[in-house]
Each structure stands twice: as structure tokens, then as C-alpha cells.
Amino acid sequence: MRSLERAIDVLEVLDTSRHALRLSDIARRADLPVATTQRILNVLEARGRVERDATGYRPGLGLIFGAHAYLATSPLLAAARPVLQDLAAETGLTASLFKRIGWSRVVLARVDGARPLRYELPIGERLPLHLGAGKALVAHMGPDELEQFLAQLGDHTRADGTTIEQDEFLNDLKQIRDCGYSHARNEREPGMASVAAPVAEPDGSATSAVQVAGTQDDIPEDRIPALGIEVQRAAYAIGRRAF
């Protein structure tokens, strides 16, 4: 079991890096001996889960097989796809599904609206929890988990460079819990806005969220309540079909 955990630690180090890493860097970030890290990398490389060139190690092509299997078999995705299509058609905005993993969220599905977003948001992209649709998931953390999340959260700034104070953030989370959806402007991408709602699971937890996004002109302040209702309906439909 410990060997498996170490292999996953190595893969997670590579997964969070935007460029190839040297052996010593991987060992340091995974908090493992260099010799142990080398043995793990050798096995992963032989299985196609890691690739190596003159610049170092990076995730390998073999990881795509697992990702494809997840996308093809996930009940959550099967439930979400038609709902996202309807949501994008009805609102004219780009509709997306995110799922939380650790202290991040990942893009699982996306349907472009009438005017596609001006930035790329590929499936599998890792995004922060404290900005945008991630707040809809943070708002449903228990007190202990929220405390841990805040403790590890470093720089808490919006895309426009303004700093979000912790009291302001906690108040934002309370409002999200009260109204059932989150909204954001200029938080992760300059000039963009979004509205999101969590997908409730049978035990009351929420690890995935539905979002509509567009420019600030597409989502003026007076449109947010109506969009909040739309994303909550979409989230309810997905949850009912998936769980």
C-alpha cells in the first residue's frame, strides 16, 4: 500500500507541474528519497504513465487511457451532458461542470454558449477553489475542512489584483449557502463573470458544481438572480439523474 501511495505522490507532482521536472525536483516535491523516486519513475515510464526527455519527466500518454475511461463511464458526466446543453441553449452562456479534487477543481464538461469564451478551458484543466465556481464548493465544506482549506490558502487575489480579505471571503460563503448559488466578477479572468450552483449528493455533500460563464456584459448584476435559479435547476437535474 505504501508503494502505491508513493507512486501516486509522484504522479501528482508531475500532474501539477506545467513543465518537465528533473528527478531531484520530483523527489523533493514528493518528499521521497531520490533512489525511491527513480525506481517509481522507471516503472511508470515502462507503463507509459510517464515520459522522459532531455528536459526531464512529464505525464505520459498512457494517462489518457484512464481519463478516457472515466469520461466514458462516469454517471455524473452522463447525467450532466444533456443538462449542460440545455443550459447553454437557454442562457446563451457557456455551461460547465466542475468536480472538486483536494484543494482544486477540475473541468469535466463544457458546452459553449452563443458567444464562446475568449479563453480556453480544456477538459481536465485544474482550477482554484477559492475563485469563481469553486466558491460554490467551498461553501459546503464542514467547519474543520474549511479551516484546513483556509490554512493552506496562500495568496488570495482576484484577476484584477485586488486582495480578498478572509472576513470578506467567509461572508461570501455565507451568502452562497443562504441563496444556493455563487457569482463572481473579475475573479479568475479579467472582464469575465459567472454564476454557479453545487450538485447535491445523497449524503448532503457537494463535490461538483454547474456554472454558466460569459463576459460582464453578458452577465449584468440584474441578471444574476435569474441565472442563479437556472443553475440551481440544472444542478438539481444532474444530481437526480446521477445519484
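How many salt bridges does the count come to? The count comes to 15. Keep in mind that this is a predicted model.

Start with Asp15 and Arg126. They form a salt bridge, with the closest N and O atoms 2.2 Å apart. Asp15 sits in helix α1 and Arg126 in strand β5, so the pair ties together parts that are 111 residues apart in sequence. Asp15 is partly exposed, at 44% relative accessible area. Arg126 is partly exposed too, at 33%.

Next, Asp172 and Lys135. Their side chains meet in a salt bridge at 2.8 Å, N to O. Asp172 belongs to helix α8, residues 166-179, and Lys135 to helix α6, residues 134-138, so this pair links parts 37 residues apart in sequence. Lys135 is buried, with 1% relative accessibility.

Now a local case. Arg28 and Asp25 pair up at 3.5 Å, N to O. They are 3 residues apart in helix α2, about one helical turn. Arg28 is exposed at 56%, whereas Asp25 is buried at 15%. Arg22 joins Asp25 and Arg28 in a salt-bridge network.

Back to helix α1, residues 2-15, which also holds Ile8. Ile8 is partly exposed, at 39% relative accessible area. With Met1 and Leu4, Ile8 forms a nonpolar surface patch of about 350 Å² accessible area together.

Last, the whole chain. The protein chain has 9 helices and 8 strands. Its radius of gyration is 19 Å, close to the 18 Å from the globule rule for 243 residues, so the chain is as compact as a globular protein of that length. Of those 243 residues, 44% count as buried.

Terms used
Residues numbered from 1 in each chain as written. Predicted model: local features only at pLDDT ≥ 70, side-chain atom pairs only at ≥ 80, totals over all residues. Heavy atoms only, no water. Patch = residues over 30% accessible without salt bridge, like charges linked within 9 Å, V, L, I, M, F, W, Y side chains within 5 Å. Areas by Shrake-Rupley, 256 points an atom, 1.4 Å probe, with all protein chains shown as cover. Salt bridge = Lys/Arg side-chain N within 4 Å of Asp/Glu carboxyl O. Helix = DSSP H or I, 4+ residues; strand = E, 2+ residues; numbered from the N terminus. Buried < 20%, exposed > 50% of the residue type's maximum accessible area, 1.4 Å probe, protein only. Rg over C-alpha atoms; globule rule 2.2 N^0.38 Å.
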